[in-house]
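Hello,

Here is the structure you will be working with.

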Amino acid sequence: MAVIGFVNAGGGAKEYPGKMTAFVFLICLMAATGGLILGYDIGISGGVTSMDSFLIKFFPAVYHKEEEDKGTNQYCKFDSQLLTTFTSSLYLAALIASFFASTVTRVLGRKWSMLGGGVAFLVGSAINGAADNVAMLIIGRILLGVGVGFAGQNICLNNNSPSQSVPVYLSEMAPARVRGMLNIGFQLMITIGILTANLINYGTSKIKGGWGWRVSLALAGVPAIVFTAGALILPDTPNSLLERGHDQQARAMLRRIRGTDDIHEEYAHLIAAREESKKVKHPWRTILRRRHRPQLTMVILIPFFQQLTGINVIMFYAPVLFKTVGYDSDASLMSAVITGLVNFFATFVSIFTVDRLGRRVLFLQGGVQMLACQIAVGTLIAIKFGTSGEGHLSHDYAATVVAFICIYVAGFAWSWGPLGVLVASEIFPLEIRSVGQSINVSVSMIFTFIIAQIFLILLCHLKFGIFYFFGGWVLIMTVFVAFLLPETKGVPIEEMALVWKSHWFWGGFISDEQISVLHMVDRINGTHNSNHECPVNFPPSLTKSSKILKPTM
Ligand code: BGC
């Protein structure tokens, strides 16, 4: 079953006694609202920037240019650094805030850290909804970014050290068997957030009086209220209590959240994890060691490539892009709803196939699909607008462009979307998982910021070539996956080193000593007994490396 596979591969899950308690339910709600908030913030800005009333109030120069450019250069009509700052500032703020968030979490505990994030969300959405000038818009977005930084972007399957608070809170509180589900569930929630934003923009654009955008922006506060209330009600995690030396409270809390007294084994593991994490004094230095080069490379390149697919050009700017190809405001917002729906439904393909087909098949198939669509869209636009940007698309022609964009979005939604997070979270050994996750989130935020900031200027200068530009990157990342990303399907997390060791390129970075002798012996003797339900498909070359090690035992 897909979900079990995620748990095993992603979490190295161990089944402890316990049941679904009210706390666990609230935790799932938190996960849901965290993802919704993030998705909502991704989807909302593009829609409001395509509304005339919003442009007239805050970006009159862009509005006039858009009016003047009707029938002339389409590529440049939205080119404004200030306009893109409205979208992008959130991600820069999130990046900076996440550095502070880890300190706040360590000192005050996760609860206060999340509460701080929730309040920033609330104030940010209130300022945005009430905005009277561009400064208020950007300050509001920055505060939303602070909220995102505190809430954390990814479900991080990390058990023992503080980083972004919601993911850690979730993986610490949730029973192991739902941890993996939360991982992909979080991505699904992001897609629901984006879709909700698209739908709300479509609805509010019809409000007479031109203040619908206020409703769109202020509604970001709704999931923020649930989130803040959750942070107030939810207790600190056992791990967090242990980290701060409250051992007795931690034990009591574990009993409470698992709904059973039979927590001794899990408690012992939490203590062991705390001691283990204390031993790694310099995780940042450790991750730079040669033997961690494969993981370091992946955790930098995967989020980088994910953003270089160009997906956020669609997620942020779909309505603007559709207006650029000649749709009116209404049709543009409707087209954004359609891409949002495709993004949501296509994510299920990943959920149901990733543990059967494996990560590589989805990455490779999704990559080829995205590339083909980018070439098609670039070419369709080139034919009609050329380099001058002058032209007009007939209804059917524009619908064909939208159709290709939808197929592209589907390809992303079952490959780089969920897998970017999943693979990055399942390849790290415990001692550096937390820093690995921080690097992952930071790289993602930096490049989300850059793409959001430069897309409209790139469109103005590269014209239809922008689609070939992102297509070029998709080609590079697909070749990268083909040659350098090993399959991690069904591999227990603690045995991941074997996967690297057997790889034609990465194998050279892993010394034989690093491969757990114990696992080798177990495997050779056929006595390997992990708690993982998924079959482990090790490549044949591994058996060879096992035998090489045997005599040294
Ligand atoms: C990415 C976001 C993107 C979203 C689209 C996520 O995995 O990190 O940047 O907007 O997918 O669904």
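A residue is called buried when its relative accessible area is under 20%, exposed when it is over 50%, and partly exposed in between (1.4 Å probe, protein chains only).

The model is predicted, so local features need pLDDT of at least 70 and side-chain atom pairs count only at pLDDT 80 or more, while totals for chains, interfaces and linings use all residues. Residues are numbered from 1 along each chain as its sequence is written, and side-chain values use heavy atoms, with hydrogens and water left out.

The disulfide

A disulfide here is a pair of cysteine sulfur atoms within 2.5 Å. Searching the whole structure gives 1 disulfide. Its partners are Cys76 and Cys460, with an S to S distance of 2.0 Å. The two cysteines lie 384 residues apart, so the bond links distant parts of the chain: Cys76 is in the loop between helix 4 (60-68) and helix 5 (81-108), and Cys460 is in helix 22 (residues 430-462). Helices are DSSP runs of H or I with at least four residues, strands are E runs of at least two, and both are numbered from the N terminus. The link is right-handed, with 90° about the S-S bond. Cys76 is buried at 9% relative accessible area, and Cys460 is buried at 10%.

Cys406 is in no disulfide. Cys373 is buried at 4% relative accessible area, and Cys406 is buried at 11%.

Regards
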